[in-house]
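Thanks for making time this morning; I would like to walk you through one model, element by element, and I will give the cut-offs as I go. Please have the viewer open while I talk.

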Amino acid sequence: MSIISPGFGGRRRSSQPDLPPGQYLTHDFPVLSAGPTPRIPLDRWQFTVTDETGAKHSWSWAEFQALPAEDVTVDIHCVTKWSKLGTTWRGVSIDTLFENIETTADYTMVHGYGGYTTNVPLEDLLDGKAWVAYQFDGEPLAPEHGGPARLVVPHLYFWKSAKWVNGIEMLQQDEPGFWEEAGYHMYGDPWREQRYQGD
Amino acid sequence: MTEHELDGNAMAGDLREVFAVDVTTAVATCGGCGEPSVVARLRVWGPAPGLVARCPSCDDVVLRLVRGPERAWLDLRGAVSLQVPMPPLGAPAEH
Amino acid sequence: MARTALPGRLTWRAAIVEAARQETPSARTLVLRVPDWPGHLPGQHVDVRLTAPDGYSAQRSYSIASAWPDGGTVELTVQRVEDGEVSSYLAEDLQVGQPLELRGPVGGWFVWRNAPPPVLLLAGGSGVVPLMAMIRARGDVRGRQPFRLIYSVRTPQDALYADELARRVRDDPGLDVRFVYTRKTPDGWPDPPGRLTVATINTYGWPPDFAPDVFVCGPTSFVEAAADILVALGHDPKKIRTERFGGTS
């Protein structure tokens with residue numbers, strides 16, 4: 001139905017058989033934003049886990065840096081159809097943040113500076129599946145990519161990896177975040193191509 | 001491939017797939033600060049994963065538009081109202 | 001005669017590249033023949049969609065450069081952007097005779113409707129394209145509204161439509177054009193290279209008392225700087241229409 005333009009699009013990407021369905025390989029790192037890039041001074045940065053009773057557990061930047069860090073190499077998949085393989089991040093595992101938190105809630109809302117939200121089930125954040133990362137490719141994470149720190153939850157579409165992350169709120173029931181309430185999928189598994197509601 | 005800030009003019013095509021009139025000339029009143037703004041003047045980010053239009057006065061989200069392959073989602077909860085230019089009442093029908 | 005159809009949903013249509021003109025080393029005008037084109041107003045734009053053989057697709061907006069009818073074609077001037085997959089394809093690879101998918105015309109706000117007030121046009125780089133459509137439309141209808149264009153470019157070689165603008169300044173009564181060079185000026189140019197200033201708009205624009213219709217188009221930084229200057233000079237913000245492109249890739 002569409003008009004095919006021979007020669008278009010071959011410069012920067014290729015499809016590869018081991019990518020999730022419908023994805024294309026990219027070598028650069030596209031920036032997608034839903035608003036102005038917040039600039040957060042490190043001495044005012046704070047990360048807060050709020051449990052279902054409303055109790056808060058907070059870390060300052062200095063406290064956060066003192067937590068054990070991990071280096072991870074992961075593939076990332078954006079719902080806009082680009083995938084990037086072998087990205088390297090350094091950050092704190094969510095398991096570390098939840099070591100002293102008791103919760104019976106199954107769902108979370110992840111919050112970022114600037115008002116962004118995205119929902120992720122708690123089990124998708126634990127057991128070595130997600131990090132709050134503050135370095136990309138050996139360098140401090142740039143503001144346009146979510147610095148000072150962003151969530152990295154690579155087994156879900158990358159909109160779940162909230163930029164400028166500043167907290168996780170525990171929820172008894174699943175609720176949609178910023179993109180989920182505007183048509184995107186509640187869970188967002190790239191291997192099942194869960195891009196939009198109902199996929 | 002970096003996405004840059006645009007303005008409401010850039011939403012004209014996607015909105016005209018949904019509406020019969022050009023919504024970029026309508027006035028949207030921001031649900032956050034109450035400031036009215038022509039839709040064409042809204043600050044817009046996108047187009048992917050979706051268009052996000054923010055109030056030029058307070059940066060609150062006024063409108064979101066996500067275009068899937070066979071559906072479009074339009075979220076207007078950030079707008080108190082949309083004032084749409086219309087032909088005068090009682091004007092002769094178009095022939 | 002009764003109306004034959006409800007206003008339809010806007011959809012994509014096929015255009016054929018009828019001709020192409022190199023405007024500068026990095027910008028090209030595509031002359032498109034679009035079957036059943038409904039006509040357009042100066043300032044409107046179209047969305048262009050490209051689809052690769054493997055199904056990958058990308059969409060961008062481009063201002064229309066031509067007035068209507070002016071030959072019944074739709075002209076787009078595309079500035080190639082570094083690393084821009086769509087702009088480089090349109091500016092370099094697309095061949096005459098090939099088809100292209102587009103949707104439009106769209107946008108009813110950043111539009112000149114042949115209204116009586118004088119007009120001030122402020123262009124940053126390829127932001128001149130929709131303003132050129134307004135200058136061409138005024139020429140077509142032999143408009144008498146005085147038009148002034150202040151056109152900011154990096155170097156003289158980057159100026160789009162330079163020859164046509166010079167010709168129209170000569171032939172279209174009441175049209176003035178002032179260039180601002182931000183990186184390199186022509187030989188003998190009185191000012192050093194630099195950004196658009198209050199003094200330039202004050203000298204080569206219209207006084208706020210004339211209540212001109214003002215159209216500003218360019219990159220976000222240019223549009224915001226120009227709009228700030230205009231408001232500081234006393235222009236009514238309601239008379240200033242802006243269109244910013246994020247450096248369309």
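How many residues does the contact take from chain B, and how many from chain A? Before I answer, please note that this is a predicted model, in which local features need pLDDT of at least 70 and side-chain atom pairs count only at pLDDT 80 or more, while totals for chains, interfaces and linings use all residues. Residues are numbered from 1 along each chain as its sequence is written, and chains are lettered from A, with ligands numbered from 1, in the order in which they are written.

The contact takes 16 residues from chain B and 17 residues from chain A, where two residues are in contact if their C-beta atoms, placed from the backbone, lie within 7 Å. On the chain B side, strand 5 (51-54), strand 6 (61-67) and strand 7 (72-75) each supply at least two of the residues that touch chain A; helices (H or I, at least four residues) and strands (E, at least two) are DSSP runs, numbered from the N terminus. By class, that side of chain B has 7 nonpolar, 3 polar and 6 charged residues, with Ala, Val, Leu, Ile, Met, Phe, Trp, Tyr, Cys and Pro counted as nonpolar, Asp, Glu, Lys and Arg as charged, and the others, Gly among them, as polar.

Staying with chain B, there are two backbone details to point out. The peptide bond from B:Ala48 to B:Pro49 is cis, with omega near 0 degrees, and B:Pro49 is found in the loop between strand 4 (43-45) and strand 5 of chain B. In the loop between strand 5 and strand 6 of chain B we find B:Asp59, which has a positive phi of about 70 degrees although it is not a glycine. For background, most residues other than glycine have a negative phi, and most peptide bonds are trans.

Let me turn to chain A. Here 5 strands form an open sheet in the order 4-3-12-7-8, with mixed pairing; two strands pair if DSSP finds at least two bridges between them. Strand 4 (56-60) and strand 8 (117-121) of chain A are the edge strands, each pairing on one side only. Within chain A, 6 bridges join strand 7 (residues 107-112) to strand 12 (residues 165-171), and these two run antiparallel, with A:Gly112 standing opposite A:Val165. Chain A also has a cis peptide bond, between A:Gly147 and A:Pro148, with omega about 15 degrees, and A:Pro148 has its place in the loop between strand 10 (139-140) and strand 11 (150-152) of chain A.

In chain C, 6 strands form an open, antiparallel sheet in the order 4-3-6-1-2-5. Strand 4 (57-63) and strand 5 (74-79) of chain C stand at its edges with a single partner strand each, so one side of each is left without a neighbour in the sheet. Strand 6 (residues 99-106) of chain C is mostly covered, with 7 of its 8 residues buried, where a residue is buried if 20 or more other C-beta atoms lie within 10 Å of its own, exposed if 12 or fewer, and partly exposed in between, the C-beta atoms being placed from the backbone. Strand 6 of chain C is joined by 4 bridges to strand 1 (residues 13-24) and by 4 bridges to strand 3 (residues 45-51). C:Asp47 stands opposite C:Arg103 in strand 6 and opposite C:Ser61 in strand 4 of chain C.

My last element is helix 5 (residues 220-232) of chain C. Its 13 residues should span 18 Å at 1.5 Å a residue, and its end C-alpha atoms are 18 Å apart, which agrees; the expected span is 1.5 Å times one less than the number of residues. Which residues of this helix are buried? They are C:Phe222, C:Val223, C:Ala226, C:Ile229 and C:Leu230, and they cover an arc of only 135 degrees around the axis, which puts them on the same side of helix 5 of chain C; the arc is that of the directions from the helix axis to the C-beta atoms. The buried residues of helix 5 pack against several elements of chain C, including strand 7 (119-124), strand 8 (147-153) and helix 4 (198-204). The face turned away from the buried side carries the exposed residues C:Asp228 and C:Ala232. Finally, helix 5 of chain C is followed by C:Gly234, whose phi is positive, near 105 degrees.
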